[in-house]
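Let's take a walk through this structure, one region at a time. Have the sequence and the 3D view ready.

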Amino acid sequence: MTLSDPLVREALDRQVPRRPERRPDWPDVLARSTNDRERRHRRTLAVLAIAAALAIVASALAAAGHDPFGTLSAWLNGNPGTPASKAEQAGFTARNGSSYAAFPAGTKLRRLDQASVAGKTFVLLGFKSGESLCLQLEHVDQCVTLRELDSSPAPALVAAENLLEVGNKTSLADSIIGFADDTVKSVQYRSGHGPWQTAPVENNVFLGLSHRRAILPHSRLPQPISSIDQVRAVTKAGRTVAVPFVSGYVSYPAGLPTVPSYVSVGAPKPAQLPGPAKTTTPFPGGTISWLVHHQPRGTAWSPRPSHILGTSALVYSRAVQPDPANPLRVGLFLRKAAGMFNRRQAKTGALVLCKTDLLPLTPGGGWSCFPPTSSGLLFRPGHPFEFGGIRGGQQVTELTGVAADTVARLSLYLGSGRVIPAALRNNAFSLGAPTTQFPAKLVAYDARGRVLGLQIIAGPAHPVPCPPLQRWPASKLPATRPYQRIDLGTLTVDGHHILGMTAAQVTAALGEPTRAAGFKRLGFAQPAYFYGGTLPSGTVLRVQFRREKHGAKAFALDYQGRGLTDATLGHVLNLAPQALEQSLTKSYGYRIASAYGSAPAGLGIPVGVGCSGVVTNASGQTQIEFGLNPSEGGRPFINIQSG
Amino acid sequence: MDEAKPKRPSTTAIARYYEERYHRLLRVAEGIVGDPDLAHDAVQDGFARVIRSRESFRDDGSVEGWIWRTVVRAALDVRAKRLLTADTPEVAHEPGNGFGDPIRSLIAALPERQRLVLFLRYYADLDYDRIAAALDIRSGTVAATLNQAHKNLRRLLEEVHQ
């Protein structure tokens, strides 16, 4: 077989992009292998970081809690705005009709708002369905329940954000859509510390657009998400109120950090969240009796062939609507196991429980199967329910799942303190919750109120201040080796130009490397020279080579170690990153592309480890990234790339 | 690492292999667990297991195959744990809601063995013998599985593109 098929190659590349910014960490491997003190210390730090994040979420929500969501006058009669055009209505009707889980026939689409960016006008459409208010912008649909609006801690609520195509493929627009009560005049939003932009409120909704150019076309962006970081409401009385918002799976509940930061994700322990911390009765395993016995509950439905890779594997299927107020259905099906799990989990031919979400206005497609027990039960001991996935946009997290017969109810305990009951019917459940209030704990109870099982659901990442540089006294600084004598103005090493040189020329200039790697093999291996160590995590200098038509040429110098010395600036890795940034701009005329620690999520930084900054020369051809690596105890580094 | 004469590997040799192959290992692990952070965790745990079980390695197999097998198992364990404790078993993304990735769903729709063979061939650039050693199957099975995976994926992709 060949993998030269471009369609398959592209699919696999999109499935898992290359991640050059990730670094191996051998000391961590050793720590894990010995379970040493350092590992316990790291765990302690992680627990403290989670506790701090939870405290931030709770306090930010508490601070905002005095200004809850009010009346939506435009929606009181169910007909806000003006009727949609015939084409818009026909498109909606066609989409609604083609999905298994449809909104009621005759649902009328309304034109609520419109805004233009770079010469293109976008129209925000919407409708009311049962207890939900729904918005539609381009291909994004998002409904918000009235209960969720009532629970909002701010007078505005962002329903969804997205990255839209405007004109040609790299002309894009960040967008946010949402609801605002009668007290709100406009909603403002911004990316990073940039200027606030304003979206007026019309018909109790808002549509914010912000034009930007991308390096790649929309279809090739690894994460086609909005770059908006913060949202706030401006009331008619002139007050501004922070609106909870998740940006690129990062949340800034206490505002954008004012000190250099990186983002950290962690999963809390059950005891760190509200609700029960442990089960109170054992769950020995379970099943869904009606499904196993092919009882016709719910409605008739069959999965698509691609769900089961051959109809012969399908045993039985039905669709269940857990929440009568939400058209979403959960498609349940039993299939025969065939290579889905390892042999210890399921023998070929064993019954496996699978589910898919049948969403309104979409054809659906994703599906999940759950490991069965060796005794033929659909639910494993200790696991009375299973998730089929978390879906929806970033702002609203929608959960769907399946529960064993013994589960009588499920509740979601949010980090904010709110408790949301799941809609549960015929063993299928669903619920929606604001992502900003995660992490959360989903708890299953039996009919006697005993806790059968619980699962933690992680929340968005939060910014954490960068560690300070531990400056070494001059007496402890190591001697500078020849390949550590650098001129950051001319980018020469020990007086030699290295970037753009061949391996032989680099050897002639700097001497034999401690180790050379990746030169003999074809494929993905990056050719590199290592000086002062044999492993990337412990080396002093790594010279990276790029394969070119006439052989490999050096294109990057990665330094760590305090011995590095610049002719003008001295020991550059013993300088605080902010001081180094200032020196690079003042002494050598570099321009700041990303100030140190200003992009905690690393967005826009090609080679980022969180606590980093980037400067470039006038042409942008040379880039110097510098900073402290928080995952390696704040070790300073500087990476130079050119060409 | 000497593939011709398998022998008990030294910690230094394992460390070197880890540093050289880290990004390939990470891609394979991410293909399995679906998340780069968890994938890194799986690679780290996999190599921790390799270090711990180094003494019990026997001279009857490929060192490289043993390492890959251990890391793949670690990734499968992380994924299993994720099914229990986190958000996204098997398939995290739903097409059509603006944030989903249908490609992920299509690849997830392949049988497990086809997915693993595909990842090891494409992301790790392993040849059939090494894939066979990593998955504890015969080389002939690798070729057949890879061929089937390619056909299935191609068919599913064409369905989506239609």
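Predicted model: local features only at pLDDT ≥ 70, side-chain atom pairs only at ≥ 80, totals over all residues.

Residues are numbered from 1 along each chain as its sequence is written, with chains lettered from A and ligands numbered from 1 in the order in which they are written.

Start in chain B, where helix 1 (residues 11-33) packs on helix 2 (residues 36-52) at about 145°, axes 8 Å apart. Helices here are DSSP runs of H or I, at least four residues, and strands are E runs of at least two, numbered from the N terminus. Axes are lines fitted to C-alpha atoms over the stretch in contact, with angles running from 0 to 180 degrees between N-to-C directions. Among the residues that meet are Tyr18(B) and Leu25(B) from helix 1 of chain B, and Ala39(B) and Phe47(B) from helix 2 of chain B; contact means C-beta atoms, placed from the backbone, within 7 Å.

Now the cores: sets of buried Ala, Val, Leu, Ile, Met, Phe, Trp, Tyr and Cys residues joined through C-beta atoms within 7 Å. The largest has 52 residues, and Ala403(A) and Ala444(A) are among those touching the most other members. Strand 27 (residues 440-445) of chain A gives the most to this core, five residues. A second, separate core of 50 residues includes Trp26(A) and Val33(B).

Finally, find Ile486(A) in strand 30 (residues 485-487) of chain A. Why is Ile486(A) counted as buried? Because Ile486(A) has 24 C-beta neighbours inside 10 Å, and 20 or more make a residue buried, 12 or fewer exposed, anything in between partly exposed.

Note on methods: Contact = placed C-beta atoms within 7 Å.
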